[in-house]
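Subject: Structure for you to look at

Hello,

I am handing over the structure we talked about. Please open it first, then read the notes below with it on screen.

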Amino acid sequence: MQGDLAEAARILGQAQRIAVLTGAGVSAESGVPTFRGEQGLWKSYRPEQLANPMAFSGNPELVWEWYRWRQGIVGGCQPNPAHHALAELEGRGVSVTLITQNVDGLHRRAGSENVLELHGNIWRTRCTREGKIDHYAGELKCSCGAWLRPHIVWFGEQLDPLILDQALSAARRSQVFLSVGTSSLVAPANMLPRLAADSGATVIEVNVEPTPLTVDADFFLQGPAGEVLPRLLAKDPPP
Ligand code: BV8
């Protein structure tokens, strides 16, 4: 059952309410580095040094240097067939809520509209004094004089309650929950598939390797998202 793509595609094809959770693995084939794993970002940089509020208040220039370096990489990347397959699914007249942990903005660039960015967006800034969110325009200081920070959720920071609430309700209401390209290690995102399963949803996981979610998933489709998703989400699923 776990690796049966045709059966998973049949069940997906019948669903009216689908929730999708994506992680860095869905952007890997676009050239965006993942966090963990062989070439992962955390291999060269320690998150506690860079992706947390204390690091920022201690050395905002260093943290900005890291995020501008990442913007440089993401800026040169294009959405891949996995992003496009998910965007196309949204156009089929069923309810699709795309919940992403990624901050690269590639789902929206592929045409997905109903996107919940759980961990923020690397192309947005937030004023540390006024809280105003804006497009990154190269400035590191707000017109009010305070530092701008990346509009990204760092470890130990709360997610936007409204966005989290929408993600929780989409998971609860889903008939199929599709988890793609995430190590399933970071909370509260990693609770969403289990919440969906508890509400009766079929859980389908797409990853190149097993994760802590795999043992509880109804289907584990092993392979790169850019290859598996176009087949799984094809209009006429494979026989
Ligand atoms: C919060 C910064 C509440 C943004 C990120 C102890 C136990 C449990 C939980 C905790 C704990 N201690 C602390 C916590 C909570 C903590 C947490 O979960 N820590 C973990 C690490 C243990 N969570 C938080 O702090 C969150 N906030 O809980 O607030 C709170 C707060 C205060 C007071 C009370 C309560 C905030 C979480 C957000 C943190 N920000 N990054 C940035 O710079 O980008 S998390 C970071 O990991 C990224 O944002 C990323 O989104 C996230 C998840 O990583 P993945 O996307 O899964 O990527 P990863 O590299 O890990 O995996 C890639 C996967 O893809 C792999 O499985 C690989 O096999 C696969 N893959 C690779 N190639 C492909 C592929 N799959 C398919 N196709 C391919 N081609």
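Helices and strands here are runs assigned by DSSP, a helix having at least four residues and a strand at least two, and both are numbered from the N terminus. Counted this way, the chain has eleven helices and nine strands. The chain has a radius of gyration of 18 Å, and the globule rule gives 18 Å for 239 residues, so the chain is as compact as a globular protein of that length. Along the principal axes, its C-alpha atoms fill a box of roughly 60 × 35 × 30 Å. Please keep in mind that this is a predicted model.

Where does the ligand sit? The ligand is in the largest pocket. Two elements give two or more residues to the shell around the ligand: helix 2 (25-28) and helix 6 (60-75). Helix 6 gives the most, with three residues.

There are 34 residues around the ligand, and those that come nearest are Arg 36, Tyr 67, Gly 156, Ser 183 and Ala 187. By type, the residues of the shell divide into 18 nonpolar, eleven polar and five charged.

Arg 36, already named among the nearest residues, has a polar side-chain atom 2.5 Å from an oxygen atom of the ligand. Thr 182 also places a polar side-chain atom by a ligand oxygen, at 2.7 Å. Taken alone, the ligand exposes 1500 Å², and the protein buries 73% of that.

The loop between strand 7 and helix 10

What is the peptide bond from Ala 187 to Pro 188, cis or trans? The bond is cis, with omega near -5°. Pro 188 is placed in the loop between strand 7 (176-180) and helix 10 (192-198). Ser 184 also has its place in the loop between strand 7 and helix 10. Ser 184 is not a glycine, yet its phi is positive, at about 55°.

Regards

Notes
Residues numbered from 1 in each chain as written. Predicted model: local features only at pLDDT ≥ 70, side-chain atom pairs only at ≥ 80, totals over all residues. Heavy atoms only, no water. Near = heavy atom within 4 Å. Polar contact = N/O pair within 3.5 Å; in protein donor to acceptor, adjacent residues only side chain to side chain. Areas by Shrake-Rupley, 256 points an atom, 1.4 Å probe, with all protein chains shown as cover. 1 Å grid on protein atoms, 1.4 Å probe; cavity = no way out; pocket = protein on both sides within 12 Å on 5 of 7 lines; lining within 4 Å. Sits in = over half its atoms within 2 Å of the grid points. Nonpolar A, V, L, I, M, F, W, Y, C, P; charged D, E, K, R; others polar. Rg over C-alpha atoms; globule rule 2.2 N^0.38 Å.
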